[in-house]
Amino acid sequence: MKFYELTPEKRRDYLISQGIDLDDIDEITLHELDSLSENVIGQLRFPVGVVQNLLVNGKSYLVPLATEEPSVVAAANHGASIFAKNGGVTAASKRTGIYGQITLQVDTKFDASELSQLFPIIIEQANSQFASLVKHGGGVRQIDLQQKDDLVMLRVLVDPAESMGANRVNSILEFIANKLATFPGVVDKLFAILSNYPSQFTKAQVELDVATVGGVKVAERIALLSKIGQNDPFRAVTNNKGIMNGVDAVLLATGNDARAVEVACGVWASEKGKYSSLSQWDVKDDKLIGSLTIPLAIGTVGGSINSRTDVKQSYRLLGQDITSSELANVIAAVGLANNLAALLAISTTGIQAGHMKLQAKNTVANLTATSREKEQVRQMMIDKKEYSLAAAEQFLRQIREGQ
Ligand code: MEV
């Protein structure tokens, strides 16, 4: 039997027989994971933390964040608490659809305008073939055509309703491509696949009283940092990394495709012809005004969302009936919260003060010590502002020697 044909237990037995020490995993989890991917032999764990009170469009959310980076959850909570003091975040999502591409090779008999005339019929046929999507409020919305020599490129806009839509869109594209293959002059279908180009945009905005961020001077420094990020790609990419710290963490916790959102945000950040910050902060009339617009091809159903117990827990935190637009609003709001917390730290005390305190927890986890000793070491690291593993080991020795 080939490795991929084995049960996950047998794959593990094989690896153990090769001398590899595998971590324990319970049978139910192993089989749950085996249904999600291939050659499964184990799991990788992420801590899930929560943002306690993210106020978006007047509603308070408990938001799950899956991340291993210390300080991301703390930063999101810090930003969210400042937002809450100022009436929260206003957010709106335009879920007009995601794009798909069909590329055909054609000969001289091909007439683009004749094919374009068929688009309304093709849209109707696709929508009746994929009637369940239409029933959920989605469907094929538009087809555009461009021809370059013997290549005809079709861009198909599909509204995936409450799902992210990758699978559905690909099925629809293949259905349409097969229909087009018989059109006079079409020699070959080259490919039919969704495009991860930015779409499904969400905008989150806040208006903060400058007093709630430490006064007008701090607010002005934040606005200046933001301006630098608009022009300097070296700063912009780091600013955006701080935003994605929060965005990716919610995407992971909610079973969404973080890779798809990451690539789209990268393209979107270069939309003005130069890579720049996704967020913007300005000071106006004693208010610090922040906004973030990002493409969020996400869903609350479909993919692996319904089959993962860990992900289902996230929806119990967020609210079972959360819509995809609402979730997108929450994700953009978390991104903005992480961004504010980072800019606030950078423009005042610097990031390391808070970061290292949280990192200390991570460092003491490497010690062979009791939980009580680890906590004592962590406190000593914070008190003495010494955060290396060597310092932690030294503090542990001191504790044990009773000093
Ligand atoms: C660290 O993960 C993220 C930050 O570097 C973001 C920023 O600089 O804006 C703190």
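Two strands are taken to pair if DSSP finds at least two bridges between them, and on this basis the predicted model contains an open sheet of four strands in the order E5-E6-E4-E7, with antiparallel pairing. The edges of this sheet are formed by strand E5 (139-148) and strand E7 (186-194), each of which pairs on one side only, and from one strand to the next the twist averages 20°. Within the sheet, strand E4 (residues 98-106) and strand E6 (residues 151-159) run antiparallel and are joined by eight bridges, with Tyr 99 standing opposite Leu 157 in E6.

A further open sheet of four strands, with antiparallel pairing, has the order E3-E8-E10-E9. Here the edge positions are taken by strand E3 (90-94) and strand E9 (279-284), each pairing on one side only, while neighbouring strands are turned by 15° against each other on average when direction is ignored. The antiparallel pairing of E3 with strand E8 (residues 201-209) extends over five bridges, and the bridge partner of Lys 94 in E8 is Phe 201.

Among the helices, H5 (residues 119-129) has buried residues at Phe 119, Ile 122, Ile 123, Ala 126 and Asn 127. These residues cover an arc of only 130° around the axis, and they therefore lie on the same side of H5. On the other side of H5, by contrast, Pro 120, Glu 124, Ser 128 and Gln 129 are exposed.

Helix H9 (residues 233-253) contains Leu 252, a residue that contributes, together with Leu 44 and Phe 46, to a nonpolar surface patch of about 310 Å². Is Leu 252 buried, partly exposed or exposed? With a relative accessible area of 34%, Leu 252 is classed as partly exposed, because this class lies between the buried limit of under 20% and the exposed limit of over 50%.

Technical notes: Residues are numbered from 1 along each chain as its sequence is written. This is a predicted model: local features need pLDDT of at least 70, side-chain atom pairs count only at pLDDT 80 or more; totals for chains, interfaces and linings use all residues. Side-chain values use heavy atoms; hydrogens and water are left out. Patches are made of residues with over 30% relative accessible area and no salt bridge: like charges are joined within 9 Å, nonpolar side chains (Val, Leu, Ile, Met, Phe, Trp, Tyr) within 5 Å. Accessible areas come from the Shrake-Rupley method with a 1.4 Å probe; for residues, only the protein chains shown count as cover. A salt bridge is a side-chain nitrogen of Lys or Arg within 4 Å of a carboxyl oxygen of Asp or Glu. Helices (H or I, at least four residues) and strands (E, at least two) are DSSP runs, numbered from the N terminus. Buried means under 20% relative accessible area, exposed over 50%, partly exposed in between (1.4 Å probe, protein chains only). Axes are lines fitted to C-alpha atoms, for helices over the stretch in contact, and angles run from 0 to 180 degrees between N-to-C directions. The arc is that of the directions from the helix axis to the C-beta atoms.
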